[in-house]
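Hi,

Here is the structure I promised to pass on.

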Amino acid sequence: MRHDPVPPTDFAVAASRVTIDVGACVANWRDIAARSKAATGAAVKADAYGLGAEIIAPALARVGCRDFFVATIEEGAQLRGLLPDARIFSVSGLWPGQEALAIARRIIPVAVSPEQLELIAALGGALDHALFIDTGMNRLGLTPRQALDYAQSGGKPVMVMSHLACADEPDHPMNARQNEFFQPLAARFGEAESSLSSSAGILLGLDYHYDLTRPGIALYGGLTMAGFTPRPVATAEARVIQIRTATAGETVSYGARQKLARDSRIAILGAGYADGWHRSASGAGAPLRDIVAKGGAVMLSGRPAPILGRITMDLTMVDITDIPDNLVRIGDYAEFFGAAIRIEDAARAAGTISYELLTGLGKRYVRRIV
Ligand SMILES: *Cc1c(COP(=O)(O)O)cnc(C)c1O
């Protein structure tokens, strides 16, 4: 068998495609930075929320971002090659055996437990570290008591961090409570910088900013809040493979759960849950719709087309009955979210959040960076 070189993929005719607007991401970062006197970092974990850390992190560094947050030492090590001068923090800390990599790549582990602090102490100062304190989320972090003990014992993190549980609900009492908890604890570490807020926390106001903020989702277009409307960064699309007509009473897709109430025109789109078009966004009538009132819709030639029946692995059916005949053709691109449908709306229709839509984009798309 011969192995011919694979011809380059062509965005213009791709079965499914994602456009990533790096300029919009950079503009979002600048908007967020302009709202704060603190330094503004960037969360680029999970490959910059699925959009490509390789492109996004250097673009943010070019406009002045100096601090980057990933989850793991391995992610940080990869990023180091692209960001020779930045500070890179791994917010899940480090594991025994990863010390040499962390030192070689200058990754700052955010210690989340006494065990991790011991591991770092054993390195005798070869590796800077930060400290994560749990102030009420019961996710990772030292308890306040453990943090105080560490301060007392002369621990010298470069930064003290915590994370808000309810920042996307500005009126939630948890916000002020966590802030009041964090402030004196951070102060116990003298010269260490402090950092509390991710995207939503930044929008709560200056009291939440400390020395450094850690926005993620707002940079990627997925958080509208408190007068902040980010530019969309990712647009996910798939083509219309076939257009069919069906009569009232017929059913659509697996399980035959969606019964057509009228004679319908249906467009079959070439993307499904393997591409991150969550099955939970399936049309009204599918049992998964229990969580939200109605299913999702896509945008086709500037008009919404509701999803019909269950989304399948590679294909999604949408109702184009209300769109004039001449406006939808085979080969047209339908948008799942992006420039025309806000990602937060698409997420809500799927019973999830923008973060999950972004990080769940499949591997099959042809990607274009603009
Ligand atoms: C992911 C993450 C962030 C960014 O959160 P967004 O809500 O996306 O802004 C900030 N801090 C920590 C510790 C994180 O894990």
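R87 and D67 form a salt bridge, with their closest N and O atoms 2.6 Å apart. (A salt bridge here means a side-chain nitrogen of Lys or Arg within 4 Å of a carboxyl oxygen of Asp or Glu.) The general idea is simple: side chains of opposite charge can pair when their charged atoms come close.

Before you go further, two notes on where this comes from. This is a predicted model, in which local features need pLDDT of at least 70 and side-chain atom pairs count only at pLDDT 80 or more, while totals for chains, interfaces and linings use all residues. Residues are numbered from 1 along each chain as its sequence is written, and side-chain values use heavy atoms, with hydrogens and water left out.

Back to that pair. R87 sits in strand β5 (residues 87–90) and D67 in strand β4 (residues 67–70), 20 residues apart. (Strands, E, at least two residues, and helices, H or I, at least four, are DSSP runs numbered from the N terminus.) D67 is buried, at 6% relative accessible area, whereas R87 is partly exposed, at 24%. (Buried is under 20% relative accessible area, exposed is over 50%, and partly exposed is in between, using a 1.4 Å probe and protein chains only.)

Those two strands are also neighbours: β4 and β5 pair in the parallel sense over four bridges, and F68 has I88 in β5 as its bridge partner. (Two strands pair if DSSP finds at least two bridges between them.) Zoom out and you get an open sheet of seven strands, ordered β3-β4-β5-β6-β7-β8-β9, with parallel pairing. Its edge strands, β3 (42–43) and β9 (193–195), each pair on one side only.

How many salt bridges does the structure hold? There are 12.

- R262 and D319 meet at 3.0 Å, N to O. They are 57 residues apart, with R262 in the loop between β13 (258–259) and β14 (264–269) and D319 in strand β17 (residues 316–319). R262 is partly exposed at 33%, but D319 is buried at 11%.
- R364 and D275 meet at 2.9 Å, N to O. R364 is in the loop between α11 (354–359) and β19 (366–369) and D275 in the loop between β14 and β15 (297–300), so this pair ties together parts 89 residues apart in sequence. D275 is buried at 0% relative accessibility, and R364 is partly exposed at 44%.

One last thing to look for: salt bridges with shared partners join D67, R87 and E193 into one network.

Cheers
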